[in-house]
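Hi everyone, thanks for coming. Let me put the structure up on the screen, and then I'll walk you through a few places in it.

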Amino acid sequence: MAGTPIDLRSDTVTKPTPEMRAAMARAEVGDDVFDEDPTVHLLQDRVARLLGKEAALFVPSGTMANQICIRAHTSPGDELICETTSHVYVWEAGAPAALSGVTTRIVDGDFGVLDVQQLRHLIRPASEHYTRSRLVVLENTHNRGGGRVYPLEKIQAISTWAHANGLAMHLDGARIWNAAVATEIALEDWCRPFDSVAVCFSKGLGAPIGSAVVGTKEFIAKARRIRKLFGGHMRQVGILAAGAIYALDHHVNRLADDHRHAKTLAQAIQETPGLRLEPPYVETNLVWFEVDPALASAPTIAGRLSEKGILVHPAGPTTLRACTHLDVSEEQTAYVADTLRALGRNPC
Ligand SMILES: *Cc1c(COP(=O)(O)O)cnc(C)c1O
């Protein structure tokens, strides 16, 4: 296995395929700040329809998509509620505080998943002493939760409670495509309980850049203004939108291959002494696992795999993450599984 390493560090490492590049090269473009890019319009209309919302807005990154929505739903001094390991809280550089002046109330979940019973007592009293509870942010699939699919009935219960108490619901749906493919529950059913949804084209779908926000027409008008405020407006960006459209046409159903490959890796990890799946099951394309600290550290394991041409992400002292994606074949997956098993026989 000499040559290019098998890169499992993230599902963002994929390179655009020649066909995707050709679609991007052919794209009709215009100035999207004038709202005149026909390919961006095609993408936005398509995504709004797919996710069952009135309108969509193309934005540069998933982080910006989430943070535009947080800003749109809140005023400075408000509070948002999210799970302790959620992306908006852990991996977005403190943006709710920095960009929206919002305080974040975190709640420990079960591998990222909250139950409405944990939230019922969290609404702040309507008094000048308190922050205003304004927004709930959920993540599906849940990255740190191990690519876990959020059970739909849990989302629905949280949404009913939130809306009854005047809170808005935002979904960080960076990998909502994976949830839809893994469950055969339609995208619009996953999105119905939410007022806004952020999605990524640059993860498992394999586009080089791009995310979108969806919601009502009124919400998207507000989001557009905030996108400008955050510097996320772009010009002849139909070139990028064409990559995202190509990904929607060709790279959604194949996520099932990634999920199958991830299960193959999960099984190898389960069968390898010294390694442990955490969470103990794999539902989509993310494989989080722990190494027994008596045997080795996560960086040591990552180094040993790297010598064999396999890159994984050491996410903590004993924690590793492997992601399957478009650029990892069945054959490469089998090689990684064999290598993991061999490592278990000789860890250090
Ligand atoms: C990657 C990711 C994001 C942010 O996407 P970027 O495009 O990297 O900013 C948001 N949420 C989740 C769950 C992610 O995994």
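**Helix packing, ligand and backbone**

Let's begin with helix α2 (residues 38–51) and helix α10 (residues 238–250), which pack at an angle of about 40° with their axes 8 Å apart. Before I go on, please keep in mind that this is a predicted model, where local features need pLDDT of at least 70, side-chain atom pairs count only at pLDDT 80 or more, and totals for chains, interfaces and linings use all residues. Residues are numbered from 1 along each chain as its sequence is written, and side-chain values use heavy atoms, with hydrogens and water left out.

Helices here are DSSP runs of H or I with at least four residues, strands are runs of E with at least two, and both are numbered from the N terminus. Axes are lines fitted to C-alpha atoms, for helices over the stretch in contact, and angles run from 0 to 180 degrees between N-to-C directions.

Who meets whom in this pair? On the α2 side we have T39, V40, L42, L43, R46, V47 and L50, and they meet G238, A241, A242, A244, I245, L248 and D249 of α10; contact means heavy atoms within 4.5 Å. That contact divides into ten nonpolar, two polar and two charged residues. In this scheme Ala, Val, Leu, Ile, Met, Phe, Trp, Tyr, Cys and Pro are nonpolar, Asp, Glu, Lys and Arg are charged, and the others, Gly among them, are polar.

Now α3 and helix α9 (residues 217–229): their axes come within 9 Å and cross at roughly 115°.

Helix α3 (residues 62–73) also takes us to the ligand, giving the largest share of its shell, three residues. Of the 13 residues around the ligand, G62, T63, D172, R175 and K203 come nearest, where being near takes a heavy atom within 4 Å. The shell divides into two nonpolar, six polar and five charged residues.

Which side chains reach ligand oxygens? An N or O atom in the T63 side chain is 2.7 Å from one, a polar side-chain atom of K203 lies 2.9 Å from one, and for N143 the distance is 3.2 Å.

Last, the backbone. Most residues other than glycine have a negative phi, and most peptide bonds are trans. Yet the bond from N140 to T141 is cis, with omega near -5°, and another cis bond joins E278 and P279, with omega about 5°. D35, not a glycine, has a positive phi of about 60°.

Conventions:
A polar contact is a pair of N or O atoms within 3.5 Å; within protein, one must be able to donate a hydrogen and the other to accept it, and residues adjacent in sequence count only if both atoms are side-chain atoms.
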